[in-house]
Amino acid sequence: MKNKKVRLVAIVVAVVILAGVVSLSLLNILSNVLKPADFSFVEIPSGENTGYYRYSYNELNQNERNIYNVILQSIYNMPERIEVPALEDGDLLKIFEAISYDNPDLFCLGLTSTLQREGQKIYFVPDYIMTYEEYSTKLSSARSIANTIAQQAMAYSTQYEQELYVHDYIINHCTYNSNTQNTNVNNMYGCLVEGYASCEGYSRAFQYIMSALNIDNRLVTGEASDDGITYIGHMWNFVVIDGKGYFVDVTWDDPSSENSVLQHTYFNVTTEQILLRHANIKQPIPFCNDTESNFFHKEGAVLSKTNADSLKDSLETIILKSKYRGYNSAEIKFDSPEALSWAIEEFFTNGVVYRSYQITGLLKDEPNAQVYYSVNEELNTICMYF
């Protein structure tokens with residue numbers, strides 16, 4: 001009987017030991033499953049000859065950059081979640097915004113994202129506003145049109161002319177629309193494919209094509225005001241032309257949603273000029289004070305108060321140049337408010353504009369002639385419509 005009891009105890013002990021071994025093995029397995037991945041990645045390209053100018057990425061700390069890199073190498077495939085390094089030092093919202101601001105073709109992303117923890121693992125969980133199939137189709141269409149525009153712009157030899165071509169193309173082929181029921185108005189697909197966009201859609205399309213042209217640029221976010229009193233959220237662009245920085249607001253150069261009168265009031269303007277109606281710029285933009293590639297300066301359309309004959313000759317030259325470019329308006333900037341007031345008097349009271357219109361073939365019957373125009377007293381500009 002004793003021997004039988006000993007064997008029974010031995011069996012029980014063996015079972016207990018076996019159970020312990022199984023538990024330890026299971027814990028080891030679970031530990032390995034929940035263990036953070038050994039992250040390895042190639043740092044994303046940014047800057048000249050890469051197709052992207054990722055300014056927001058460059059403003060992150062190293063830990064934030066690591067997470068940005070890990071997310072970006074997977075996000076175009078739209079996974080439900082992406083395992084990322086622990087966010088020991090950084091800000092998830094800042095990383096998410098950087099990815100959104102730097103990559104205008106990632107329009108599958110919604111406005112939110114979260115971090116999810118499982119054991120020792122951390123996951124980035126994005127919010128998507130469309131399916132993978134829908135995104136793939138739309139991305140292909142938007143990229144195709146953007147690449148075509150870039151190829152057409154490359155027919156011009158200077159960065160100024162390439163930028164001008166893209167600016168004009170977007171305005172001529174897109175109508176402003178801020179209807180929030182259409183999520184595409186806030187992305188490059190809405191601007192380039194559907195032809196309707198908000199300021200965000202305009203800016204992201206411009207950003208994508210500028211990068212394709214290897215022209216340094218970035219998105220700018222802040223606020224803007226039509227009346228100088230009420231400011232609302234707005235997006236526009238910063239661009240570097242021939243080594244010098246400027247602000248560009250494509251949306252505000254497309255002032256009419258009905259007839260899309262092409263203007264260049266906000267084409268390559270200075271910090272001082274943009275801040276007349278824009279405010280609270282979020283990005284650290286260098287101070288811009290150069291005017292070399294400003295539209296009016298580049299086109300020889302900046303005038304001073306001289307005499308009526310000189311004004312008439314200058315107006316005719318500007319009109320002919322505008323017609324040659326295919327524009328349906330002539331835009332002039334004056335170097336002071338006094339020069340602007342003097343020009344308005346000469347143009348429309350003393351008849352300079354009518355005689356110039358006749359000579360350039362825009363008017364045949366002066367007694368019944370009407371000239372439509374708008375004035376921007378803050379920037380000292382006149383735009384006359386043909």
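L213 is placed in the loop between α8 and β6 (217-224). Helices (H or I, at least four residues) and strands (E, at least two) are DSSP runs, numbered from the N terminus. L213 has a relative accessible area of 9%, so this residue is buried. Buried means under 20% relative accessible area, exposed over 50%, and partly exposed in between (1.4 Å probe, protein chains only).

The model is predicted: local features need pLDDT of at least 70, side-chain atom pairs count only at pLDDT 80 or more, and totals for chains, interfaces and linings use all residues. Residues are numbered from 1 along each chain as its sequence is written, and side-chain values use heavy atoms, with hydrogens and water left out.

What does L213 touch, not counting residues up to four places away in sequence? The partners are A150, A153, M154, Q162 and V166. Contact here means heavy atoms within 4.5 Å. M154 is 59 residues from L213 along the chain, yet their C-alpha atoms are separated by 7.4 Å.

The next residue, N214, is in the loop between α8 and β6. N214 is not a glycine, but its phi is positive, near 65 degrees. Its relative accessible area is 23%, so N214 is partly exposed. N49 also has a positive phi, about 65 degrees, without being a glycine. N49 is found in the loop between α1 (2-34) and α2 (55-58). At a relative accessible area of 65%, N49 is exposed.

Now to helix packing. Two packed helices are described by the angle between their axes and the distance between the axes. Helix α6 (residues 159-173) and helix α8 (residues 199-212) pack at about 145 degrees, with axes 11 Å apart. Axes are lines fitted to C-alpha atoms, for helices over the stretch in contact, and angles run from 0 to 180 degrees between N-to-C directions. From α6 come Q162, E163, V166, H167 and I170; they meet Y202, A205, F206, I209 and M210 of α8. These contact residues divide into seven nonpolar, two polar and one charged. Ala, Val, Leu, Ile, Met, Phe, Trp, Tyr, Cys and Pro count as nonpolar, Asp, Glu, Lys and Arg as charged, and the others, Gly among them, as polar.

Aromatic rings come next. The whole structure holds 14 aromatic pairs. Rings of Phe, Tyr and Trp (its six-membered ring) pair if their centres lie within 6.5 Å; planes under 30 degrees apart count as stacked, over 60 as edge-to-face and the rest as tilted. F107 and Y135 have ring centres 5.3 Å apart and planes at 75 degrees, so their pair is edge-to-face. F107 lies in the loop between α4 (92-102) and β2 (109-118) and Y135 in helix α5 (residues 132-153), so the pair ties together parts 28 residues apart in sequence. Both residues are buried.

F348 and Y373 have ring centres 3.8 Å apart and planes at 10 degrees, so this pair is stacked. F348 lies in helix α12 (residues 337-349) and Y373 in strand β13 (residues 372-376), so the pair ties together parts 25 residues apart in sequence. F348 counts as buried at 16% relative accessibility, while Y373 counts as partly exposed at 35%. F334, F347, F348 and Y373 form one aromatic cluster.

Finally, the chain overall. The secondary structure comes to 13 helices and 14 strands. Of the 386 residues in the protein chain, 47% are buried.
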